[in-house]
Amino acid sequence: MYKISHKFLLVILALAASLPGAFAQKVAIKNNLLYDATATPNLALEMALSRKMTLELGAGLNPFTFSDNKKIKHWLAQPELRWWTCDVFNGHFFGLHAHGAQFNVGEWDIPLGRLDKFKENRYEGYLYGGGISYGYQWLLSPRWNLEAGIGGGYARIHYDKYPCAKCGTKLDKGKYNYWGVTKAAVSLIYIIK
């Protein structure tokens, strides 16, 4: 399920390598603490492209199965182009992001809207889409920052539905258009250079 295409990795590496010097003054590594709360290891690299633009390449991977076969297994890639109102890595920013993910989720009792379906069934599939975001970054020290951000947009979800987390034949196959929150972050940031 978590086989990432070699072509996808080559495109990401080529994009990162082709940036013209990545504005050499600013490169940061980030960890989204909200994503950590879902037991999902995640990391992002953000590079300055100019005095007011950055490119963030973020990803997360949750390969875990929890007690009672509960799972929120997934991988997610979410690049974002940001425009800063002051200087990069300082103050307000507006972003344009894309996302792609593959998932296997089931046995979770989440009584909120569409998420209540995860209690009785397991869903496997993938999604893609994009959106816009807003955030703010606080300078904590010369090398450490804190960021809060929220984004909304669209995701096209393709899924297979199964009767339980461990067993059963496929019950249904479908597609779903999601409009809503597509990004939320409270990130701790280390400025590399």
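This is a predicted model: local features need pLDDT of at least 70, side-chain atom pairs count only at pLDDT 80 or more; totals for chains, interfaces and linings use all residues.
Colleague: What is the volume of the largest cavity?
Modeller: Volume here is the space filled by probe spheres set on the grid points. For the largest cavity, that volume is about 40 Å³.

Colleague: Which strands each supply at least two residues of the lining of the largest cavity?
Modeller: The lining includes Glu80 and Arg82, together with Ser133 and Tyr134. Also among the lining residues are Glu147, Gly149 and Ile150, as well as Lys183, Ala184 and Ala185. The strands that each supply at least two residues are E4 (71-84), E6 (122-139), E7 (144-162) and E8 (172-191).

Colleague: By class, how many residues of the lining of the largest cavity are charged?
Modeller: Glu80, Arg82, Glu147 and Lys183 are among the residues that line the cavity, and Glu, Lys and Arg count as charged. The lining also has five nonpolar and two polar residues. The number of charged residues is four.

Colleague: Is arginine 82 buried or exposed, and what is its relative accessible area?
Modeller: Arginine 82 lies in strand E4 and is one of the residues lining the largest cavity. A residue counts as buried under 20% relative accessible area. Arginine 82 is therefore buried, with a relative accessible area of 2%.

Colleague: With the side chain of which residue does arginine 82 make a polar contact of 2.9 Å?
Modeller: The side chain of arginine 82 makes a polar contact of 3.3 Å with the side chain of glutamate 46. A polar contact with the side chain of glutamate 56 has a distance of 3.2 Å. The contact of 2.9 Å joins arginine 82 to the side chain of glutamate 147.

Colleague: What distance separates the C-alpha atoms of arginine 82 and isoleucine 132?
Modeller: Leaving aside neighbours within four places in sequence, arginine 82 is in contact with residues including Lys30, Met53, Phe93, Gln137 and Lys183. Arginine 82 and isoleucine 132 are 50 residues apart along the chain. Their C-alpha atoms are separated by 9.6 Å.

Colleague: Why does histidine 92 count as partly exposed?
Modeller: Histidine 92 is found in strand E5 (residues 91-106). The partly exposed class lies between the buried limit of 20% and the exposed limit of 50%. Histidine 92 counts as partly exposed because its relative accessibility is 35%.

Colleague: Which residue is joined to histidine 92 by a side-chain polar contact of 2.4 Å?
Modeller: Beyond its neighbours within four places in sequence, histidine 92 is in contact with Trp83, Trp84, Thr85, Tyr134, Gly135 and Tyr136. The C-alpha atoms of histidine 92 and tyrosine 136 are separated by 4.4 Å, although the two residues are 44 apart along the chain. The residue whose side chain makes the 2.4 Å polar contact is tyrosine 134.

Colleague: Where is phenylalanine 89, which has a positive phi although it is not a glycine?
Modeller: Most residues other than glycine have a negative phi. Phenylalanine 89 has a positive phi of about 60 degrees, and at 1% relative accessibility it counts as buried. Its place is the loop between E4 and E5.

Colleague: In which loop is alanine 39 placed?
Modeller: The phi of alanine 39 is near 60 degrees, a positive value in a residue other than glycine. Alanine 39 is partly exposed, with a relative accessible area of 31%. Its loop is the one between helix H2 (33-36) and strand E2 (42-48).

Colleague: What pattern does the protein follow when read along the sequence?
Modeller: The secondary structure comes to two helices and eight strands. Among contacts between residues at least 6 apart in sequence, 61% join residues at least 24 apart. Read along the sequence, the pattern is α-β-α-β-β-β-β-β-β-β.

Technical notes:
Residues are numbered from 1 along each chain as its sequence is written. Side-chain values use heavy atoms; hydrogens and water are left out. On a 1 Å grid over the protein atoms alone, a cavity is a set of points where a 1.4 Å probe fits but cannot get out, and a pocket is an open set with protein on both sides within 12 Å along at least five of seven lines; lining residues have an atom within 4 Å of a point. Helices (H or I, at least four residues) and strands (E, at least two) are DSSP runs, numbered from the N terminus. Buried means under 20% relative accessible area, exposed over 50%, partly exposed in between (1.4 Å probe, protein chains only). Contact means heavy atoms within 4.5 Å. A polar contact is a pair of N or O atoms within 3.5 Å; within protein, one must be able to donate a hydrogen and the other to accept it, and residues adjacent in sequence count only if both atoms are side-chain atoms.
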